[in-house]
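Hi,

Here is the structure I promised to pass on. Have a look, and my notes follow below.

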Amino acid sequence: MSSEIEKDELSPAVSFALPFIFAPIIVLSSVFGGYSILIAPIFGYILITLFDFLLKTSTRNPNPKLKANLFYYKLILWTWPMIQFSLIFWCIFAVSTFEHLSTWESIFLLMAQGMVTGAVGITFAHELMHQKSSKDKWLADILMAMSLYGHFRTEHLLVHHRYVGTSKDAVTARYNESFFSFFLRVLPSCFKSAWREEANRLKKIGKSILDIKNPFWRYGGLALLFLLFSYIIGGFFGVFMFLVQAFIAVLHLEMANYIEHYGLTRKLLDNGKYEPTKPYHSWNANHTASNLLLINLQLHSDHHAKPDREYPLLQKYDNDEAPQLPYGYPLMIAMCLIPMLWRKVMNPRVENWKKHFYPEMP
């Protein structure tokens, strides 16, 4: 590591419990309605960004070889699925029962919940699906099913990590590609690549795509179960509300995917294989507040370099080791929705990345 990044002890587990603040915010929003529904996005986007500016970027890293007890860090992950389940179906109950919530308030409430499902639930699911335990993978699948996006586990682990930074990876955003083009491209592409990967895997062990070992049965079954809960609680309106929050959650996931590798590529070597994934094949962000909210998801350079490293031990990198985002994800997500602004900010950084890491590139 560069001398600019210092070694330190682990951040306390309780600091990564910041996302739990969303739980009382969503409940209060459902009770009071009106402008209170704006509290969740204001906290997630504006306040966290302000704290990023106040606290600036962190230059301290935990020792990656630290043999620490990570139980309480994992407990945060294990606790969230039940909290998210309760929040989603409480919101559906509220909009189906409470008379003080108008139709538009109901929609905005579920959009706020969708933001939480995407920013917190899918981020936690991402960490859980990388664990070796089958129980952790089940929890990841439960969380992803609340977004109707269960195939993400297959696509992420078997496709994205293998082909990141190449034309074979749909979720590596191309240089100059707008988020909207990216979003319309990845929705079908990721499902197809995940299905193809599972079909190939089952074929190698002599199984049919319809075999029970195909995780798509689990992905689909969990999704149908949550849609059934929605119908029982709120009828077709409840199902519609569930779909609203699921769409917003997926939108947040793909905005993060867009940001994480925009314009970055890996070399195809003379032997026909791609070069190993390095920290400089992902955008890195060392911003303090947003990394606590997103359990270090923004340390994406180290995640791809060391996919098995657990989130409290992920390492920060400096400019010499990985390309740096100018802001944390909350502000970058807002920026990616304005293509002209995004290109103005990010395209020069992609060009600088080429000059620094691939000076031989045209």
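Which residue just after H6 takes a positive phi? That is Gly165, with a phi of about 80°. (Helices here are DSSP runs of H or I with at least four residues, strands are E runs of at least two, and both are numbered from the N terminus.)

Before you go further: this is a predicted model, where local features need pLDDT of at least 70, side-chain atom pairs count only at pLDDT 80 or more, and totals for chains, interfaces and linings use all residues. Residues are numbered from 1 along each chain as its sequence is written, and side-chain values use heavy atoms, with hydrogens and water left out.

Back to H6, which covers residues 152–163. Its buried residues (buried is under 20% relative accessible area with a 1.4 Å probe, protein chains only; exposed is over 50%, partly exposed in between) are Phe152, Arg153, Thr154, Glu155, His156, Val159, His160 and His161. They pack against H4, H5, H7 (179–204), H8 (216–261) and H10, where contact means heavy atoms within 4.5 Å.

Two of those partners also pair up. H4 (residues 103–129) and H5 (residues 134–145) pack at about 155°, with axes 8 Å apart; the axes are lines fitted to C-alpha atoms over the stretch in contact, and angles run from 0 to 180 degrees between N-to-C directions. That makes H4 roughly antiparallel to H5 (over 145 degrees; under 35 is roughly parallel, 65 to 115 roughly perpendicular, the rest oblique). On the H4 side the residues are Gly121, Ile122, Phe124, Ala125, Leu128 and Met129, and they meet Asp136, Lys137, Leu139, Ala140, Leu143 and Met144 of H5.

The loop between H9 (288–293) and H10 (300–305) is worth a look too, as Gln298 lies there. Gln298 is buried, at 0% relative accessible area. Its side chain makes a polar contact with the side chain of Ser290 at 2.9 Å (a pair of N or O atoms within 3.5 Å; within protein, one must be able to donate a hydrogen and the other to accept it, and residues adjacent in sequence count only if both atoms are side-chain atoms). The Gln298 side chain also reaches the backbone nitrogen of Tyr329 at 2.6 Å.

Asn296 is found in that loop between H9 and H10 as well, and is buried at 8%. A polar atom of the Asn296 side chain lies 2.8 Å from the backbone oxygen of Tyr311. Leaving out residues up to four places away in sequence, Asn296 touches Phe16, Asn291, Tyr311, Pro312 and Leu314.

Cheers
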